[in-house]
Amino acid sequence: MSISVPPADRPLDLVGLGQNSVDHQIRLTRYPESGEKVEASSYQLLPGGQVATAVLAGQRLGLRCAYLGAVGDDHLASIACSSLEAAGARVHLHRVIGGRSQMATILVTDDGDRTILQHYDPRVVLGAGELAGFKDLIQGARALHLDITDLGAAVRAAAWARQAGVLVSLDIDRMLPGVEQLFPLVDLLLAADGFPRLIGRDSVQHALEWLRHRCPGVVGITRGEKGCLVWSPEEEAPCWYPAFEVDPVDTTGCGDVFRGALLAALLRDPPAPDLAGAVRFGAAAAALQAGAEGAQPAVPDLKSVQSFLASDPPVRERYRP
């Protein structure tokens, strides 16, 4: 399988448009029963968010990145993109007066599993109207990575990207009215594990068939420790890629890092030889991400991912579909 990308002579490699978050990360030995009080073993306030974390992964893996998003004017706003700024990414934020920056409370148990409670202020988005000044920045990139935090902005940005030959990547973990208008504009669509349920399909295979009829590019569904299934237009059936065998500390951000690292593998010099190689690179970055706490502090750099792959790590073959 292969996927085409624009040449490296553009000002930016990757632009991300979508969600950032400030995460209240709480570690527990076990989840409480209803009405029970359980002692937390640790608490951290950390930056996160699916697109912001994917862009941070791209930046730490050697790409030239920019992030577009929104924050409120509260005390959390300075935390939301602090890791991106520290890594050297270009950060453009729409600040909403009186708005509350997106936040999440993440409960993590000792086996690395996590439960996420999110809070969105619907006013705090970078909408299609605020996007107008970023057309040149988007069209000057090699890839655009989106979610559907604001569907109108995502559609407009994807249309601009397509006009300029920019690879369009979409991370989707929910459905909104009208979202299907975005699918024809996407070259690489990776949905979250719960996506089949969102569209009323009883299996990953059926969900991929549904996506393939709507998206002309590569489609896939990430499944955490079970790996991912990816279907290229060149293939007659989806290909399964296993996750690496690791003992997880915290799985927060693993899917986001996987997406950012996959894009980095396609865009870096030299690029991955094919899409399969890019998926393997993304899986390695996600495995390292699972070995430390938090969505963004643990995002690995290029040397770490290359060293991990060079060690010939085992994969989770027992989940083969």
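Q: Which residues do ring pairs link into a cluster?
A: This is a predicted model, in which local features need pLDDT of at least 70 and side-chain atom pairs count only at pLDDT 80 or more, while totals for chains, interfaces and linings use all residues. Residues are numbered from 1 along each chain as its sequence is written, and side-chain values use heavy atoms, with hydrogens and water left out. Rings of Phe, Tyr and Trp (its six-membered ring) pair if their centres lie within 6.5 Å, and planes under 30 degrees apart count as stacked, over 60 as edge-to-face and the rest as tilted. The cluster linked by ring pairs consists of Phe183, Phe195 and Trp210.

Q: Is Trp210 buried or exposed?
A: Buried means under 20% relative accessible area, exposed over 50% and partly exposed in between, with a 1.4 Å probe and protein chains only. Phe183 has a relative accessible area of 0% and is buried. With a relative accessible area of 8%, Trp210 is likewise classed as buried.

Q: In which helix does Phe308 lie?
A: Phe244 and Phe308 form an edge-to-face aromatic pair, 5.3 Å centre to centre with 90° between the planes. The two are 64 residues apart, with Phe244 in the loop between strand 13 and helix 8, while Phe308 lies in helix 10.

Q: How many residues apart in sequence are the parts that Asp13 and Arg64 tie together?
A: The closest N and O atoms of the salt bridge between Asp13 and Arg64 are 2.8 Å apart, a salt bridge being a side-chain nitrogen of Lys or Arg within 4 Å of a carboxyl oxygen of Asp or Glu. Asp13 lies in strand 1 (residues 12-17) and Arg64 in the loop between helix 1 (50-60) and strand 4 (65-72), so the parts they tie together have a sequence separation of 51 residues.

Q: Which residues do salt bridges that share partners join into one network?
A: Glu245 and Arg318 meet in a salt bridge of 3.0 Å, N to O. Glu245 lies in the loop between strand 13 (239-241) and helix 8 (254-267) and Arg318 in the segment after helix 10 (302-310), so the pair ties together parts 73 residues apart in sequence. Through shared partners, salt bridges join into one network Glu225, Glu245, Arg316 and Arg318.

Notes:
Helix = DSSP H or I, 4+ residues; strand = E, 2+ residues; numbered from the N terminus.
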